[in-house]
Amino acid sequence: MTTETINSKLPKDWKTNIDDAWTNHKFDMKLVNPANKRKFDVIVVGSGLAGSSAAATLGELGYNVKVFSYHDSPRRAHSIAAQGGINGAKNYQNDGDSVHRLFYDTVKGGDYRSREANVHRLAEVSVDIIDQATAQGVPFARDYGGLLDNRSFGGAQVSRTFYARGQTGQQLLLGAYSALMRQVALGSVEMYNRTEMLDLVVHDGAARGIVVRDVISGEISAHSAHAVVLATGGYGNVYYLSTNAMMCNVTAAWRAHRKGAMFANPCYTQIHPTCIPSSDEFQSKLTLMSESLRNDGRIWAPKGFDDARSAGDIPDGDRDYYLERKYPAFGNLVPRDVASRNAKTVVDEGRGIGPLKNGVFLDFADAIARDGKDTIAAKYGNLFDMYERITGEDPYSQPMRIYPATHYTMGGLWVDYELQSNLPGLFCIGEANFSDHGANRLGASALMQGLADGYFVLPYTIGNYLAPQLGDEAMDTTEEAFVTSMQDVEAQTQRWLSIRGTKSVDYFHRELGKIVWDRIGMARNKTGLEKALDEIPSLKEEFYKDVRVLGSANTLNQSLEKAGRVADFFELAELKARDALHREESCGGHFREESQTDTGEALRDDDNFSYVAAWDWNGEGEAQTLHKEELESVHVERTQRSYK
Amino acid sequence: MGSGAGVDLRLTLKVWRQDGPSNRGRFETYKLEAISTDASFLEMLDVLNEGLIESGEVPVVFESDCREGICGTCNLMINGRAHGPQKGTATCQLHMRQFSDGDEIVIEPWRAASFPIIRDLAVDRSPLDEIIKAGGYISVSTGAAPDANLTPVPKEASDTAFDAAACIGCGACVAACPNSAAQLFTSAKVQHMNLVPQGQAERWKRTEAMVDTMEQYFGSCTNHGECHEACPKEIPLDFIAWTNRDYIKSKGKNRKLAGQK
């Protein structure tokens with residue numbers, strides 16, 4: 001482990017003048033003049049909120065953009081599934097919100113493990129995102145005067161969340177997708193659907209392009225550019241069961257890591273408190289019920305152990321509204337990490353409900369009595385319908401059963417303030433980077449960060465990297481770095497087909513997920529993490545010997561695609577365990593049982609761990625090297641987070 | 001029902017298998033024992049594929065991603081109906097409690113000449129993107145937007161625009177239509193944008209371009225209404241009527257607007 005300083009390119013005046021730091025930094029960065037932008041090629045991988053918004057904006061500016069997505073259409077990216085909303089410090093509700101308050105809430109919510117300068121910029125541009133999306137025709141909820149409505153979300157005491165029923169992610173993504181398609185029509189963006197990035201090409205220490213596989217024909221091809229932008233989402237599917245879509249994976253980011261990009265804070269994972277509990281061993285994913293439900297739903301569990309009565313038969317005196325009891329100020333709206341850990345405690349105590357005793361109640365009876373069924377249906381109708389389709393139970397007449405599930409990953413590729421990795425020319429945006437949420441993300445902030453990065457940050461910062469390269473051609477793909485990379489990808493593809501083992505890729509993914517959930521889940525401890533570091537490599541060894549991938553490489557072969565992704569999850573899982581083991585403190589989504597307060601809350605160790613852990617690849621089978629980026633709290637005082 | 005206390009079903013599946021776009025396809029019959037009524041339809045297919053892999057057979061290709069009814073990736077004809085028997089429900093949200101012990105289930109890919117089969121149950125739906133490319137956007141470059149509350153939008157208009165914008169682009173409307181028209185998909189996007197003030201500047205141009213592009217790739221609408229029946233988001237047929245109105249108007253409006261130049 002080393003502790004050398006990392007240059008995070010923070011704005012020069014962030015400590016003295018954070019309000020203007022981003023504005024001043026923008027002025028200091030080099031520009032590419034409008035006529036010269038067409039001389040630069042930029043590759044964007046991923047078409048979710050971050051990727052689509054970045055590609056559209058870069059196209060509008062005049063860059064030559066190529067977008068790669070493994071979906072059949074950019075609109076399918078998993079940003080589409082975000083339900084609750086997007087934060088914006090507009091203060092339209094006149095309830096005391098401000099850029100500074102959103103900044104403060106986000107830094108605190110992230111348990112002081114984020115860069116203040118980044119978070120402040122995020123809060124600043126949040127207001128522009130709402131304007132941009134509205135102009136695109138995003139049908140945000142409105143009140144009867146025709147103005148925009150807001151609701152409150154966990155970790156905040158103001159109403160700053162803009163929403164479009166329970167489908168805010170869908171509407172924002174369709175906005176970004178439409179902007180992207182407009183650029184495709186204009187010819188500034190070229191779209192490569194059903195194409196998966198399998199390697200990053202690095203030459204002379206800088207990113208030069210990517211190698212991709214056409215998932216239909218199996219053809220492997222190389223693409224070069226002046227800069228590569230990864231917008232490939234999070235790694236939550238390392239748990240197998242998560243709220244992520246089936247295809248979400250870490251492959252693009254991980255292949256970049258293997259080529260020298262540092263991977264930061266992999267142990268920071270957000271476990272979302274309100275998901276439908278799993279019902280059987282065939283379960284393929286867990287479905288999230290929006291956090292917005294906690295605005296009107298009350299969370300409770302029976303006071304007694306193994307209470308088998310149905311919810312309606314349990315009188316009020318036998319119910320424990322444990323969040324309201326323990327956190328009177330925030331009640332059911334405590335941040336996600338706090339709500340999740342408390343649900344786990346209740347279930348571990350033996351007070352869980354449902355046939356598998358693996359959930360707690362989220363009850364709308366009081367809200368329905370107060371506001372009427374119609375009002376509740378107008379707010380949450382689609383979520384209630386979804387719940388009923390999945391469980392066969394009617395949430396209007398009996399409480400929902402919920403339990404935490406892996407949802408979002410705060411860790412990701414390390415990037416500096418300009419969203420560039422330690423490899424020049426490689427940028428990383430959205431959930432795929434580690435940048436803005438610290439150790440825990442607040443609700444309605446993922447959409448905000450993805451769009452902030454894509455619309456309002458990267459389009460400026462990328463110019464600062466590109467400007468000095470004016471006149472340089474992008475590297476020729478017939479050069480050795482590209483040829484070697486293509487050969488490696490080809491060999492790896494063939495390798496999966498040649499193992500001819502006995503067990504499916506899904507079998508190994510499920511088994512890996514169990515280890516990661518048990519050992520690196522909602523609560524972690526030294527013994528468990530050391531076991532994980534034992535179990536993961538041995539399962540990985542079995543995977544490489546015994547996986548069965550049938551079919552061929554020159555056709556649509558979903559097992560073959562998955563094999564490569566699961567292989568990367570194995571390596572990520574190991575790093576995640578190592579990161580969790582080394583961080584001997586609790587912070588946000590990382591809860592070390594050895595480090596808690598008397599009342600069981602996460603206890604930070606600021607003296608020893610107020611840094612970003614950025615891990616550097618050392619080659620196959622070697623442990624990564626740790627680099628530390630020290631974090632300073634200048635504008636927000638560090639306290640023990642309290643929501644009481 | 002539900003509550004993790006599922007009952008096991010025995011099922012016979014007839015699944016369309018086809019190695020590639022130019023290969024001849026065929027139905028294969030598979031028997032499944034003990035599928036829980038709590039499983040989703042796609043989890044049932046996961047179980048089928050696990051079994052196929054175990055016995056050395058290449059698994060069935062079918063597409064899905066979010067498995068919560070919003071990304072629009074999943075696309076199966078189940079017993080002849082797009083997305084199966086449950087109304088307003090995408091394939092991925094369909095659960096096995098909709099079926100009974102001993103059922104035979106026929107599973108096919110989307111049926112439409114404009115959606116050629118790639119392999120087994122996967123089809124190519126890229127013409128839908130072509131329709132969006134033709135005008136499914138409001139031309140506002142990043143940074144050019146005024147304050148979001150500058151233009152009040154009547155709540156009713158905004159809500160109706162949302163009803164249209166809820167389309168997930170799965171293509172069930174095309175698969176269900178006897179003419180393989182994409183009128184519901186196209187109208188949903190046209191009306192989402194035509195109903196809000198921000199979309200007025202390009203209203204007529206958008207309508208004409210998107211409808212004309214739709215006609216290039218897909219059949220024409222003759223008001224069967226099968227699209228609405230199959231739509232997992234139950235997009236109302238009104239949008240088709242309004243788009244037809246806007247389309248006719250657009251033919252004149254676009255000339256008139258051009259004449260103003």
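Biologist: What share of chain B is buried?
Modeller: Of the 261 residues in chain B, 54% are buried. Keep in mind that this is a predicted model.

Biologist: Which helices and strands does chain B have, in numbers?
Modeller: Chain B has eight helices and seven strands. Its C-alpha trace spans about 70 × 45 × 35 Å along the principal axes.

Biologist: And how much of its contacts come from residues 24 or more positions apart?
Modeller: Such pairs account for 72% of the chain B contacts with a separation of 6 or more.

Biologist: Now the two chains together. How many residues are in contact?
Modeller: On chain B, 70 residues are in contact with 69 residues of chain A.

Biologist: Which elements of chain B give two or more residues to that side?
Modeller: They are α1 (41–54), β6 (117–119), α2 (127–133), α3 (155–165) and α5 (183–194) of chain B. The largest share comes from α1(B), with six residues.

Biologist: What classes of residue are on that side of chain B?
Modeller: The side of chain B that touches chain A has 31 nonpolar, 25 polar and 14 charged residues.

Biologist: Switching to chain A. What domains does the assignment give?
Modeller: Domain 1 covers 272–407 of chain A, and domain 2 covers 483–630. The centres of these two domains of chain A, taken over C-alpha atoms, are separated by 31 Å.

Biologist: What about sheets in chain A? What is the strand order in the open sheet of five strands?
Modeller: The order is β12-β16-β15-β13-β14 in chain A, and the pairing is antiparallel. At the edges are β12 (269–275) and β14 (319–320) of chain A, each pairing on one side only.

Biologist: How many bridges join β13 and β15 of chain A?
Modeller: Three bridges link β13 (residues 298–302) to β15 (residues 360–363) in chain A, and the two strands run antiparallel. Arg298(A), for one, has Asp363(A) in β15(A) as its bridge partner.

Biologist: Back to α8 of chain A. Which strands of the sheet does it touch?
Modeller: Helix α8(A) packs on the sheet and touches β12, β13, β15 and β16 (400–409) of chain A. The direction of α8(A) makes about 65° with that of β12(A).

Technical notes. Residues are numbered from 1 along each chain as its sequence is written. Chains are lettered from A and ligands numbered from 1 in the order in which they are written. This is a predicted model: local features need pLDDT of at least 70, side-chain atom pairs count only at pLDDT 80 or more; totals for chains, interfaces and linings use all residues. Domain bounds come from an automatic or database domain assignment. Helices (H or I, at least four residues) and strands (E, at least two) are DSSP runs, numbered from the N terminus. A residue is buried if 20 or more other C-beta atoms lie within 10 Å of its own, exposed if 12 or fewer, and partly exposed in between; C-beta atoms are placed from the backbone. Two residues are in contact if their C-beta atoms, placed from the backbone, lie within 7 Å. Ala, Val, Leu, Ile, Met, Phe, Trp, Tyr, Cys and Pro count as nonpolar, Asp, Glu, Lys and Arg as charged, and the others, Gly among them, as polar. Two strands pair if DSSP finds at least two bridges between them. Axes are lines fitted to C-alpha atoms, for helices over the stretch in contact, and angles run from 0 to 180 degrees between N-to-C directions.
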